Amino acid sequence: MPSVLSENDKETVKRTVPKSANKIQAVAVARLYIAYPDRQRWIYTGLQGAAVLANDLVGNTFWIKMVDVSVCMTNISYRAQAQARIVV
């Protein structure tokens, strides 16, 4: 997994999270881990890509979206609404 997004990866993120409906706040390379069903143990889900913190302008909510930037896939592989108040 790359440690920095390439220009092609950045274009993939912009295409997948369109500017017309979202305001991208931050992007970083990430792997997704969950603590389920055992809340004391983290497990790697196998998902990795660009983690995007975006303000959904249609619903006026913040989301964390995992964009798959691999060659074979260019879609959102994980999406979660941010529950806590985020100050940008």
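Here are a few questions and answers about this predicted model.

Author: Residues are numbered from 1 along each chain as its sequence is written. In this predicted model, local features need pLDDT of at least 70 and side-chain atom pairs pLDDT 80 or more, while totals for chains, interfaces and linings use all residues, and side-chain values use heavy atoms, without hydrogens and water.

Reader: Glad to start with charges: which residue forms a salt bridge with Glu-7?

Author: Side chains of opposite charge can pair when their charged atoms come close. A salt bridge here is a side-chain nitrogen of Lys or Arg within 4 Å of a carboxyl oxygen of Asp or Glu, and the structure holds one. The closest N and O atoms are 3.5 Å apart, and the partner of Glu-7 is Lys-10.

Reader: Thanks! How far apart in helix 1 are Glu-7 and Lys-10?

Author: Helices are DSSP runs of H or I with at least four residues, and strands are E runs of at least two, numbered from the N terminus. Helix 1 covers residues 7-16, and Glu-7 and Lys-10 sit three residues apart in it, so their separation is about one helical turn.

Reader: And Asn-22, is that residue buried or exposed?

Author: Asn-22 lies in strand 1, and its side chain makes a polar contact (a pair of N or O atoms within 3.5 Å; within protein, one must be able to donate a hydrogen and the other to accept it, and residues adjacent in sequence count only if both atoms are side-chain atoms) with the side chain of Lys-65, at 3.1 Å. Buried means under 20% relative accessible area, exposed over 50%, and partly exposed in between (1.4 Å probe, protein chains only). Because its relative accessibility is 7%, Asn-22 counts as buried.
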